[in-house]
Structure formats: structure tokens, C-alpha cells
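Trainee: I am new to this structure. Could you show me how to read its main features, one at a time?

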Amino acid sequence: MDDLESADEDVRLEVYRTFAITGRAPAAATLAAELGLDADAVRAGLRRLADGRHLVLDDSGDIVMAHPFSSVPLGFAVMGRETLWWGGCAWDSFALPQVLPDDPEVLVSTRCPGCGAALAWIVSRSVPPEGREVAHFLVPAAQMWDDVVRTCSNQRLFCSDTCVDSWIAASGNARGYVMDLATLWRLAQHWYDGRLDRGYRRREPVQAADYFRAAGLRGTFWGL
Ligand SMILES: [Zn+2]
Ligand SMILES: [Zn+2]
């Protein structure tokens, strides 16, 4: 992928900076004021960033996600020392302490989609959290961007494999991929490296496959 035009990279960085500091997405008008650009130029830049899968916009052009950040609730709350973020999904929630400069450790909380139990972990940058819970991902890697909000909505944490089974039965979905907390943590550990830095480049598919393999993921679900 080509390097972003520098104005688009300025917009991208300001979106990430705002999410990291405030937990919320900036409005286009705010971005325009911060960057000294006009609002139409910012909106056009946001659309190009969305086309490049750097952001997800809603129908009115507002920012829904800049992975691992989300402006909408998708089942997870992530609490730092002074800031509260929506975790985009299990993967994104576990990734936040890896990318937040001032919060190497966060509290990730959610409810088990299978039984409704409250679940929470202290997730740090350096070691996987303790626990016997499991993550279930519904959408295979190759289709994750077909509808990325639906994909993230269905990357959840459950008490156990039994709770995954009851959710599968109740929702009518096909079973996806189940992993333990340590594997989820390794998947999240370096996936978003560099997103808050200038000149970030998305991984090529072959690099993504190597990364998934190194995290301990297996099978066609991950394109391996
Ligand atoms: Zn449960
Ligand atoms: Zn996600």
C-alpha cells in the first residue's frame, strides 16, 4: 500500500491522538479546527482513510472505529487510570494497553454473551491475564472487513466453551474460532504496533498470516 498523502496522515494521526487521549472520536469540524483545514477537505480525507481501512465511518461520515478504538459500544468497556474507552471487540480491548502510551495496564470488562455473567480482567502490556475464559471469533479472517462492525461485534469473551455453545445454539450462527486468553493476548500484543505513529502501514496479507501463526492461531479460519 502506498504511503498516505501527508494531509491524510495528519488527519489519521489526529483521529488516533484524540481517541487515545479522550476515549472518543473527534468530529470532522474539530479535526478541521485542530489541523487548520476546511471541513470538506477533512471529510474527503476521512473517506479516503476509510477506503484504505484505516477507519470505519457511519452513513453520515462520522467515525465509528479506528482500530483498536471504537466510538460506539460493542460489548466492552476498557478503563485506564483517567480515561474510559469502548473496546471494539475482545481483540481490540486486549490491544489497548499495548498502544496507549500512559496506560500499560487497563481493566477490560464485558458480559458473557452465553449466560450474561459479568467478566473482567486486568490486561497489561507485559503478561497475559489469568483466567479460564475463552474468546470466540465468528467471522473468518478473510471476511473480517466485509462488515467490520458486525465482525467486531462478534469477537467476544465467554466464561467457557459451554457458554460459547449455548450462544451458538441460541443465535443460530455457525461456530467460529475459539481461543484461550493467552492466545487472544498474543494476537493483540503487536497487531496494532505503530498505529499511533506517523507513517503507519497496514500489514500485507502474507505478513498477517505470519503474525497469526506466531500468535499460535491455526487453520483455515485464519487463512493458514
Ligand atoms: Zn457465560
Ligand atoms: Zn475488533
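Mentor: We will go through the metal sites, a set of paired strands and the nonpolar core. Keep in mind that this is a predicted model.

Trainee: Which residues coordinate the zinc ion (ligand 1)?

Mentor: Look for the donor atoms around the metal. Here the zinc ion (ligand 1) has the SG atoms of C112, C115, C159 and C163 as donors, at 2.3 Å. Along the sequence these donor residues follow the spacing C-x2-C-x43-C-x3-C.

Trainee: What geometry does the site of the zinc ion (ligand 1) have?

Mentor: Ideal angles at a metal with four tetrahedral donors are 109.5 degrees. The angles among the four donor atoms of the zinc ion (ligand 1) are 100 to 117°, and the site is tetrahedral.

Trainee: Is C112 buried or exposed? And what does C115 count as?

Mentor: Read the relative accessible area against the cut-offs: under 20% is buried, over 50% is exposed, and values in between are partly exposed. C112 has 2%, so C112 is buried. C115 has 47% relative accessibility and therefore counts as partly exposed.

Trainee: Which residues coordinate the zinc ion (ligand 2)?

Mentor: C89 and C152 each give an SG atom to the zinc ion (ligand 2) and D92 gives an OD atom, at 2.1 to 2.2 Å. The spacing of these donor residues in sequence is C-x2-D-x59-C. C89 is in the loop between β5 (84-87) and α4, while C152 is in helix α5 (residues 148-153), so this pair ties together parts that lie 63 residues apart in sequence. C89 and C152 are both buried.

Trainee: How many bridges join β4 to β5, and how many join β4 to strand β6?

Mentor: For a strand, ask what it pairs with and in which direction. β4 and β5 run antiparallel and are joined by four bridges; they form a hairpin with four residues between them. F76 has G87 in β5 as its bridge partner. Four bridges also join β4 to strand β6 (residues 105-111), again antiparallel, and M79 stands opposite L107 in β6.

Trainee: Which residues make up the covered face of strand β4?

Mentor: F76 and V78 form the covered face of strand β4 (residues 76-79), and A77 and M79 form the uncovered one.

Trainee: Which residues touch the most other members of the largest nonpolar core?

Mentor: That core has 66 residues, and W91, F137 and W222 touch the most other members. Helix α4 (residues 90-99) supplies the largest share of this core, six residues. Among the residues that W222 touches are W91, F137, M144, Y177 and F212.

Notes: Residues numbered from 1 in each chain as written. Chains lettered and ligands numbered in written order. Predicted model: local features only at pLDDT ≥ 70, side-chain atom pairs only at ≥ 80, totals over all residues. Heavy atoms only, no water. Core = buried A, V, L, I, M, F, W, Y, C linked by side-chain atoms within 4.5 Å. Buried < 20%, exposed > 50% of the residue type's maximum accessible area, 1.4 Å probe, protein only. Helix = DSSP H or I, 4+ residues; strand = E, 2+ residues; numbered from the N terminus. Contact = heavy atoms within 4.5 Å. Donors = N, O, S within 2.8 Å, 3.2 Å for Na, K, Ca; no water. Pairing = 2+ DSSP bridges. Tetrahedral: all angles 85-135°; square planar, octahedral: opposite > 155°, others 65-115°. Lists of a residue's contacts leave out its neighbours within four places in sequence.
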